[in-house]
Amino acid sequence: MATTEDIRAQLAELVNDVAGVPVDDVQLDKSFVDDLDVDSLAMVEILVGCEEKFGVTIPDEESKNLKTVGDAVAYIEAHS
Amino acid sequence: MTEIVITGLGATTPLGGDVASTWAGMLAGRSGVSAITEGWAEELPVKIAAYVKVDPSEVIERVKARRLDRSTQLALIAAQEAWTDAGLDWDAEEGTQVDPQRLIVSVASGIGGLHSLLNNWDAHRDKGYRRVSPFTIPMLMANAPAANIGIQVHAKAGVHTPVSACASSNEAISLALDQLRLGRADIAVVGGTEATIHPLPIAAFGQMQAVSRRNDEPERASRPWDVDRDGFVMGEGSAVMVIETLEHAKARGAKVYGTLAGSGITADSHDIVQPDPTGEGQFGAMRKAIADAGLSASDIRHVNAHGTSTPQGDLTEAGSIRTGLGSAVDGCVVTSTKSMTGHLLGGAGALETIAAVLALHDRMVPPTINLENPEPDLGIDIAALTARPLPAGDLAAINNSFGFGGANVAVAVTNANQSR
């Protein structure tokens, strides 16, 4: 079972790959939009990347609730 | 009429990653054609193409590049060079150097973001809709290159993308010329781009018998007007110019390569792919461009021909040049730089207009390579195999571009007035 930190680190790589955000900036308390400057289309790519990487399904209606890195990590922990 | 001058040049082509290396390659008669290295070519009858010499991944930052189709990446590289060459700062804040309300972009693509369209279809078919990139549409749309350039330079007086297949970028240049003359803007970024080295268009052009199958001799495959020509070679790349009113150029102390003197547009309305064999539309475009520029046929000392290396197209164009120039054809040096670059489709007109501008500027016409055995009775003086000097004094040139659908666009340029 992956730890919270493992998931955060893997997610950080994904955010870096898609949006160029430095991996160290991708911390649990950070908002994708407000803090990391991830736009809505990049956010879609990140969430689809999460589906591939973690084997979860993130419905479009659920994705609106994943505002922070912590929200996404918690969702992945709960559903993978 | 308001004089429109050319103040910046940019290109990334099969001969080089910028204008200087591309132009040097042209004058030296180098071929940019090579074997297609990707495995898919094994299945196809056509296994050659002209890739850009410098891959855009070496120039554009990775995260930015993944949101841009290859055609847009190439256009941004060419536009940045042209903008910088014009003495402007690519990263300047809006309104700090050029009035955004007086700046337009007119940059064409013949086909659009083909790789993005097809790669995302592959992803959809193979892995389902969730794998389709949310950037697909802004990547595949034909106006993406122009729009991304417009965003970068803050162009607010209009961002245009005329589409007329292989005449597209000459049409883009013509459109911007008109806009500047009409007083709707002072300065424009103009040109074209194409990136379609992909199995589908290679197969499709192959099925039309339009592309060369000289697979064992890639560098000798593009051979306009040669008796052994067997079709064009697909190239990729982009070429972009900055043009502006003479008044605007003078006010900011810009250097001037030459004058964008006129353009002529006609439509064959004859056949969807074959040129009208009478050449009426082609020589009509040339004559219109000459008249629009206030020139006479005898002023035209150089034609950069469409000259794609197809059996019928080259013959039709030779006749059109003869008719278009009349007796003045004897004093005119013709070339086809596609013999070296391959055919950049929607990027061709802009690249070849730049070649014409530089030919006048440096008084040297680049060669038509591989023209070892010219068709008999062409009646045009072609710079076969080696570059050919142009005389001193005022010079004018025409660049021809013809597109599927019957579009004919001729652009006339003159060298910079020495007294300026």
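The model is predicted, so local features need pLDDT of at least 70 and side-chain atom pairs count only at pLDDT 80 or more, while totals for chains, interfaces and linings use all residues. Residues are numbered from 1 along each chain as its sequence is written, and chains are lettered from A and ligands numbered from 1 in the order in which they are written.

**Overall form of chain B**

- Chain B contains 13 helices and 15 strands; helices (H or I, at least four residues) and strands (E, at least two) are DSSP runs, numbered from the N terminus.
- Along the principal axes, the C-alpha atoms of chain B fill a box of roughly 60 × 55 × 40 Å.
- Of the 420 residues in chain B, 59% are buried. A residue is buried if 20 or more other C-beta atoms lie within 10 Å of its own, exposed if 12 or fewer, and partly exposed in between, with C-beta atoms placed from the backbone.
- Among the contacts in chain B with a separation of 6 or more, 79% join residues 24 or more positions apart. Two residues are in contact if their C-beta atoms, placed from the backbone, lie within 7 Å.

**The open sheet**

- In chain B, 11 strands form an open sheet of mixed pairing, in the order β5-β4-β6-β7-β1-β8-β15-β14-β9-β10-β12. Its edge strands are β5 (159-160) and β12 (381-382) of chain B, each of which pairs on one side only. Two strands pair if DSSP finds at least two bridges between them.
- Strand β4 (residues 103-109) of chain B runs parallel to β5(B), and 2 bridges join them. Here V105(B) stands opposite V159(B).

**Around strand β9**

- β9(B) pairs with β14(B) in the parallel sense over 4 bridges, and V303(B) stands opposite I398(B) in β14(B).
- β9(B) also runs parallel to β10 (residues 333-335) of chain B, with 3 bridges joining the two strands. The bridge partner of V303(B) in β10(B) is V334(B).
- Together with helix α11 (residues 311-325) of chain B, β9(B) and β10(B) make a right-handed β-α-β unit. Right-handed means that, with the strands pointing away from the viewer, the path from the first strand over the helix to the second runs clockwise.

**Loop residues with positive phi**

- R363(B), which is not a glycine, has a positive phi of about 55°. R363(B) is in the loop between α13 (348-362) and β11 (364-365) of chain B, and counts as partly exposed because it has 17 C-beta neighbours inside 10 Å.
- D377(B), also not a glycine, has a positive phi of about 60°. D377(B) lies in the loop between β11 and β12 of chain B and is exposed, as 7 other C-beta atoms are within 10 Å.

**Contact between chains A and B**

- The contact takes 7 residues from chain A and 6 residues from chain B. Helix α2 (residues 40-54) of chain A gives the largest share of the chain A side, 5 residues.
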